[in-house]
Amino acid sequence: MSTFSKDFLWGGAVAAHQLEGGWQAGGKGVSLADVMTAGDNETPREITDGIIPGKNYPNHEAIDFYGHYKDDVKLFAELGLKCFRTSIAWTRIFPNGDEDEPNEAGLKFYDDLFDELLKYNIEPVITLSHFEMPYHLVTEYGGWRNRKLIDFFVKFAKVVFKRYQNKVKYWMTFNEINNQTGLNKWGLFTNSGILVQPDEDAEKVMYQAGHYEAVASALAVQIGHQINPKFQIGCMLAMGPTYAATTSPKDAMKAERAMQANYWFGDVQCKGRYPGWLKRYFERKNFDLDITLEDLDVIKAGTVDYIGFSYYASHVIKADDNEPEDYMTPLHNHEVKNPALERSDWGWEIDPVGLRYSMNWFSDRYDLPLFIVENGFGAFDKKDENGQIHDDYRMDYLRRHIEQMKLAVDVDGVDLMGYTPWGFIDLVSAGTGQMDKRYGMIYVDKNDAGEGTLKRGKKDSFAWYHQVIESNGENL
Ligand code: BGP
């Protein structure tokens, strides 16, 4: 008997701004993602004021899924996908974000895309906001610093929930909403459209923006359920468990605090309340945040139906004796390398057991069904003399993670809805803004310099994943 139920959602995951291109097609507005530069391990991504030719490549062009979606979906069907996770580009629906009426051509694009998927019995799984928003909301309103963003987001959510109520059942509100908790510049502007100013306290700004996003998410959950009670609406958290570096209790406490600091969004979205330690922290820091009693009621009434999460790697942390007791640890401070694990070319720790650990952690803490909506191995792929890519390393990574997923379900009794490996078709990397960090089972001919035919091809992992889905995870 198979570990997974017969309706287990085997799929693949992408995000609008990392694959669609067509940045000005069908009345689309400029999104925050369109004006981001590329970067690498040394050079972080930046935003430019508007599109500067040659600088913002390749985000706004990506792999032109906008122009290729029919052929691509056909290929997804051949791969055997039961579901396809993508996001709706907010700027196709409300080009500036603050208009009264939505853009019909944008709505039509997703109607056509969802129809195409459903034609092949591929269930769409939709994220409302995946690291982007209308750029106008950043320049005119300061991004999620501003309470007005709640209304703009809710209006957008309502329009798409209504329009696609009979085509889409599975939704998520904000992608990796917690990846701004590390207070890194990248996390803050991709999630919240915020560039912290020199006179601002980044931590305070993050908590305020995060609160508005949590309220917007909870309102969207309530509205979605009113529109169609069958909707399943989840949160989406970036999961990277933090382990203690040694057996020292101080390291254990430090690791626990890092987890708390990274998953308060989970507490708010799944339990409908702020955790006690964070309320005390707000008081002690005199943040004086704009959090009303009405907001807290909204959060309580808008808890999610399931936990969507990404999992790539784990982390290790060490206590620092010079730190004050109430120091809040952004995850990456005092991080140490795990000597037990190998790393990818980008330094991401490969830790399949960490996935089982994470599934247990979420399940025990929130008692909700889980959906692994991102997992995968970013690598430089090389073609052989026949132009084929033998990506054994990718299959190996995915296989080892699926094995742990099975243990979590079989042995630990975790309720798992589905699994959608990230970037199963090559796309633009969110971290680098470039093409050559590839996750795909489907190759796309385009390189970091923007050259290429955009032709799609099958890597070895294509046939392998097909067989995994066909055997419902038995044949790995
Ligand atoms: C997650 C994002 C994705 C994605 C992925 C891989 O954080 O939700 O958008 O890109 O990570 O990251 P990267 O593209 O930097 O390798």
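Among contacts in the protein chain between residues at least 6 apart in sequence, what percentage join residues at least 24 apart? The value is 76%, where two residues are in contact if their C-beta atoms, placed from the backbone, lie within 7 Å. The structure is a predicted model, in which local features need pLDDT of at least 70 and side-chain atom pairs count only at pLDDT 80 or more, while totals for chains, interfaces and linings use all residues. Residues are numbered from 1 along each chain as its sequence is written.

The mean pLDDT of the protein chain is 94, pLDDT being the predictor's confidence in each residue, from 0 to 100. Of the residues of the chain, 96% reach 70 or more. Where pLDDT is low, the predicted coordinates should not be read in detail. The scores of the model are ipTM 0.98 and pTM 0.97.

The protein chain contains 14 helices and 13 strands; helices (H or I, at least four residues) and strands (E, at least two) are DSSP runs, numbered from the N terminus. The chain is as compact as a globular protein of its length, because its radius of gyration is 21 Å, close to the 23 Å that the globule rule gives for 476 residues. The radius of gyration is taken over C-alpha atoms, and the globule rule is 2.2 Å times the number of residues to the power 0.38. The C-alpha trace spans about 60 × 55 × 45 Å along its principal axes. Of the 476 residues, 50% are buried. A residue is buried if 20 or more other C-beta atoms lie within 10 Å of its own, exposed if 12 or fewer, and partly exposed in between, with C-beta atoms placed from the backbone.

Glu 374 is listed by UniProt for "active site" in an unreviewed entry. UniProt positions are given in the numbering used here, feature names are shortened, and annotations may be inferred rather than shown by experiment. Glu 374 is placed in strand E10 (residues 370-374). This residue counts as buried because 24 other C-beta atoms lie within 10 Å. Not counting residues up to four places away in sequence, Glu 374 touches Ala 13, Ser 310, Thr 420 and Trp 422.

Gly 11 lies in strand E1 (residues 9-13) and is buried, with 26 C-beta neighbours inside 10 Å. Apart from neighbours within four places in sequence, the contacts of Gly 11 are Leu 81, Lys 82, Cys 83, Phe 84, Arg 85, Val 125, Gly 418 and Thr 420. Met 405 is 394 residues from Gly 11 along the chain, and the two C-alpha atoms are separated by 15 Å.

Around the ligand there are 14 residues, of which Glu 176, Gly 378, Ser 429, Ala 430 and Gly 431 come nearest; a residue is near a molecule or strand if its C-beta atom, placed from the backbone, lies within 6 Å of it. The shell around the ligand comprises 5 nonpolar, 6 polar and 3 charged residues. In this division Ala, Val, Leu, Ile, Met, Phe, Trp, Tyr, Cys and Pro count as nonpolar, Asp, Glu, Lys and Arg as charged, and the others, Gly among them, as polar.

Most residues other than glycine have a negative phi, and most peptide bonds are trans. Asn 286 has a positive phi, near 50°, and lies in the loop between helix H10 (276-284) and helix H11 (293-301). With 7 C-beta neighbours inside 10 Å, Asn 286 is exposed. Asp 367 likewise has a positive phi, near 55°. Asp 367 is found in the loop between helix H12 (352-366) and E10 and is exposed, with 11 other C-beta atoms within 10 Å.

Glu 349 occupies the loop between strand E9 (335-336) and H12. Its 18 C-beta neighbours inside 10 Å make Glu 349 partly exposed. Contacts of Glu 349, leaving aside neighbours within four places in sequence, are Ala 313, Ser 314, Asn 338, Leu 341 and Arg 343. Pro 324 is 25 residues from Glu 349 in sequence and 29 Å away in space, C-alpha to C-alpha.

Asn 475, in the segment after helix H14 (460-470), is exposed, with 10 C-beta neighbours inside 10 Å. Asn 475 touches Gln 467 and Val 468, not counting residues up to four places away in sequence.
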